[in-house]
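Below are some notes on the model, for reading alongside the coordinates.

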Amino acid sequence: MQRHTVRLATTLALALALTGAAYADPVEDSLSIETEEGMLDIVTTTAAPAHLSDTMDTIYSGWHFREDETRDLQRDDFDNPGMVYVDRALDSWNAAQGAKGESCAGCHNGPESMTGLRAVTPRVDAETGELMTVENYVNRCVTDRMALDPWGMTGDKMKDMLALISMQSRGAVVNVAIDGAAAPFWEAGKEIYYTRFGQLEMSCANCHEDNQGRYIRADHLSQGQVNGFPVYRLKDAGILSAQQRFVGCVRDTRAETFKPDSAEFKALELYVASRGNGLSVEGVSVRH
């Protein structure tokens with residue numbers, strides 16, 4: 001009884017804090033990135049996809065919820081600290097690292113062969129029926145073609161490669177499938193998104209839908225879009241994947257978290273990605 005009372009009090013305190021928190025609209029701004037090939041326009045705000053029509057009219061990249069200095073870091077690849085990880089992954093791409101000296105380049109030629117992949121993942125693999133993330137495709141190559149142990153889902157080599165592959169789709173419109181074979185996974189992810197977890201009894205929707213735009217603990221709550229992932233997070237001085245950020249969010253509710261690459265987090269990534277259908281893949285974005 002005492003534990004329930006403490007939990008209820010904590011939940012009510014947080015609810016009151018959110019209710020009384022300051023509100024700020026997403027910043028009115030547009031993102032064009034100076035790249036080696038020239039300027040690239042990024043869609044950071046657009047009409048909400050049809051499945052969100054009863055919830056919101058417009059979707060915004062998390063870029064619109066950050067400070068001027070943070071947003072500016074993404075305008076020029078020279079200033080973007082995430083580009084270091086892309087360069088590091090290019091070395092890995094070309095390196096002979098398989099059991100018999102295989103390399104990514106040996107099968108796929110240049111990384112541009114991955115163009116478009118990030119914009120449509122997670123997706124259901126036509127052959128196996130498995131829901132696949134970019135990391136799953138990487139590990140399939142690592143284990144099946146290179147005969148190596150799988151790379152850790154949140155390890156440096158994996159996140160570097162995720163950054164490089166995501167860059168090949170930068171500017172492409174996110175368009176993950178939610179029907180057909182993807183439907184049961186999408187429904188499972190949606191259920192998780194709206195389920196309350198932890199001692200704080202909070203769901204993803206409590207922050208990123210009900211209270212988007214509000215400030216909590218000096219943080220401006222975004223819509224929780226993942227089109228910018230992997231992101232370089234200034235407070236972590238490193239790159240994060242979407243599922244790695246899910247871990248942090250669940251822990252913030254004081255709940256036992258699912259693990260990266262779990263069925264739960266893969267389904268959640270599909271659902272959250274679908275909420276951003278119509279936004280551009282940002283490659284490696286910058287957040288605070």
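Helices, meaning H or I runs of at least four residues, and strands, meaning E runs of at least two, are taken from DSSP and numbered from the N terminus. The model is predicted.

1. On E201. This residue sits in the loop that runs between α7 (183–193) and α8 (204–208). Its phi is positive, about 50°, although E201 is not a glycine. With a relative accessible area of 29%, E201 is partly exposed.

2. On R254. A positive phi also occurs here, about 65°, and R254 is not a glycine. The residue belongs to the loop between α9 (242–252) and α10 (263–274).

3. Strands β10, β9 and β11 make an open sheet in the order β10-β9-β11, with mixed pairing. Because β10 (238–240) and β11 (285–287) are at the edges and have a single partner strand each, one side of each has no neighbour in the sheet. From one strand to the next the twist averages 35°. Three bridges join β9 (residues 231–233) to β11 in the parallel sense, and V231 is opposite S285 of β11.

4. On the aromatic pairs. The structure contains nine of them. F197 and F258 are edge-to-face, since their ring centres are 5.9 Å apart and their planes stand at 90°. F197 is in the loop between α7 and α8, and F258 is in the loop between α9 and α10, so this pair ties together parts 61 residues apart in sequence.

5. On F258 and its other partner. F258 also pairs edge-to-face with F265, as the centres are 5.6 Å apart and the planes are at 80°. F265, at 0%, is buried.

6. On the remaining ring contacts. A single aromatic cluster is formed by W186, Y193, Y194 and Y271. Elsewhere, R71 places its charged end over the ring of W63, at 5.5 Å from the ring centre.

Conventions
Residues are numbered from 1 along each chain as its sequence is written. This is a predicted model: local features need pLDDT of at least 70, side-chain atom pairs count only at pLDDT 80 or more; totals for chains, interfaces and linings use all residues. Side-chain values use heavy atoms; hydrogens and water are left out. Two strands pair if DSSP finds at least two bridges between them. Axes are lines fitted to C-alpha atoms, for helices over the stretch in contact, and angles run from 0 to 180 degrees between N-to-C directions. Buried means under 20% relative accessible area, exposed over 50%, partly exposed in between (1.4 Å probe, protein chains only). Rings of Phe, Tyr and Trp (its six-membered ring) pair if their centres lie within 6.5 Å; planes under 30 degrees apart count as stacked, over 60 as edge-to-face and the rest as tilted. A charge sits over a ring if NZ of Lys or CZ of Arg is within 6 Å of the ring centre and within 35 degrees of the ring normal.
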